[in-house]
Amino acid sequence: MAEQHQLILIDHDGTLCQTNNMAFDSIKYAAKVACGGELLLSEADWDSIFSETAGTTEKNFVHNIALKTNFSISDIKKFEQDFYKARVNWYKSMRAHGEFILDTYYPDMENLILAAFEKENFHLMLVTGNPLAVMEERLSNHLRKYFVDEKDSLLGAFGEETTKHSELISKSITKATKAFPGFEPIKGDLGFCENVTYIGDSKHDFVAGLDGKVKTIWIPSRNLYVTKELRSEPYLQVFLKLLDKYTMITNDIFSPETLRFIGL
């Protein structure tokens with residue numbers, strides 16, 4: 001009997017990698033270029049925008065900037081397109097001048113990807129708030145091969161597709177049914193997909209995974225102490241007990257406990 005197909009959806013920033021701070025520079029640069037070179041936002045404004053849009057998508061981020069700077073609705077679409085283009089050009093320019101610094105990828109995630117890739121019934125996709133064109137520039141070549149189709153196109157759902165992170169999850173599942181012959185989401189208790197696991201690092205990711213009705217792993221920190229402190233919160237203890245089949249909080253994505261949860 002053939003093994004059940006499994007889909008693993010992986011967030012990029014903070015989950016797959018420790019984000020390089022230069023990514024924030026690229027965002028500020030892109031916003032400035034997209035609005036014609038003048039963007040009257042203070043550091044406090046930027047801190048507020050980054051805080052309000054953390055764990056969402058770049059489409060939501062761009063719309064947030066546009067609204068704070070009083071863009072008209074008719075101008076937002078052009079601003080958005082110019083923003084994505086400028087972000088890509090920023091990375092290309094940094095690489096061309098030898099100033100590009102790669103994100104630092106977490107060993108536990110790399111080990112998980114390798115283990116899953118070796119199994120024919122496991123499939124990998126990126127689910128990230130970053131636009132596809134930006135991920136084409138950012139994702140390290142040594143990991144790219146695990147997330148592409150036969151045409152060398154990145155597989156997943158990306159930040160220009162929607163303003164809601166949970167919708168990226170549903171979009172990725174729809175794409176997976178077309179990309180991976182034999183894969184179909186299997187619904188279990190409460191409508192959760194039994195054979196889809198989403199891995200993220202923020203509270204927003206955790207909520208998005210549950211909203212998207214998939215098994216969800218939250219990595220709030222790689223520090224065991226921090227993770228244990230969070231898991232000891234009474235509200236989370238109750239929550240995890242109620243949804244123990246579908247939720248997990250860990251600091252190590254390659255631990256035996258986590259691998260059992262995923263089915264590896």
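Trainee: What should I know before reading the model, and how are its residues numbered?

Mentor: Residues are numbered from 1 along each chain as its sequence is written, and side-chain values use heavy atoms, with hydrogens and water left out. Because this is a predicted model, local features need pLDDT of at least 70 and side-chain atom pairs count only at pLDDT 80 or more, while totals for chains, interfaces and linings use all residues.

Trainee: How many helices and strands does the chain have?

Mentor: Helices (H or I, at least four residues) and strands (E, at least two) are DSSP runs, numbered from the N terminus. The chain has twelve helices and eight strands. Its radius of gyration, taken over C-alpha atoms, is 19 Å, close to the 18 Å that the globule rule (2.2 Å times the number of residues to the power 0.38) gives for 264 residues, so the chain is as compact as a globular protein of that length.

Trainee: What share of the 264 residues counts as buried?

Mentor: A residue is buried under 20% relative accessible area, exposed over 50%, and partly exposed in between, using a 1.4 Å probe and protein chains only. By that rule, 49% of the 264 residues of the chain count as buried. Val226, which lies in helix α10 (residues 224-231), is partly exposed, with a relative accessible area of 40%.

Trainee: Which strands pair with β7?

Mentor: Two strands pair if DSSP finds at least two bridges between them. Strand β6 (residues 193-200) runs parallel to β7 and is joined to it by five bridges, with Cys193 opposite Val214 in β7. Strand β8 (residues 247-249) also pairs with β7 in the parallel sense, over three bridges, and there Ile249 is the bridge partner of Trp218.

Trainee: Which hand does the β-α-β unit of β6, helix α9 and β7 have?

Mentor: A crossover is right-handed if, with the strands pointing away from the viewer, the path from the first strand over the helix to the second runs clockwise. The unit made by β6, helix α9 (residues 203-211) and β7 is right-handed.

Trainee: How many aromatic pairs are found in the whole structure?

Mentor: A pair of aromatic rings is described by the distance of the centres and the angle of the planes. Rings of Phe, Tyr and Trp (its six-membered ring) pair if their centres lie within 6.5 Å, and planes under 30 degrees apart count as stacked, over 60 as edge-to-face and the rest as tilted. A search of the whole structure finds eight such pairs. In one of them, Phe79 and Phe83 have ring centres 6.4 Å apart and planes at 45 degrees, so this pair is tilted. Both residues lie in helix α4 (residues 73-96), four residues apart, about one turn of the helix. Phe79 counts as buried at 2% relative accessibility, and Phe83 counts as buried at 0%.

Trainee: Why is the pair of Phe206 and Trp218 called stacked?

Mentor: Their ring centres are 5.0 Å apart and their planes are at 25 degrees, so the pair is stacked. Phe206 is in helix α9 and Trp218 in strand β7, twelve residues apart, and the pair links distant parts of the chain. Both Phe206 and Trp218 are buried.

Trainee: Which residue lies over the face of Tyr106?

Mentor: A charge sits over a ring if NZ of Lys or CZ of Arg is within 6 Å of the ring centre and within 35 degrees of the ring normal. Arg222 lies over the face of Tyr106, at 3.7 Å from the ring centre, and Lys215 lies over the face of Phe261, at 4.7 Å from the ring centre.
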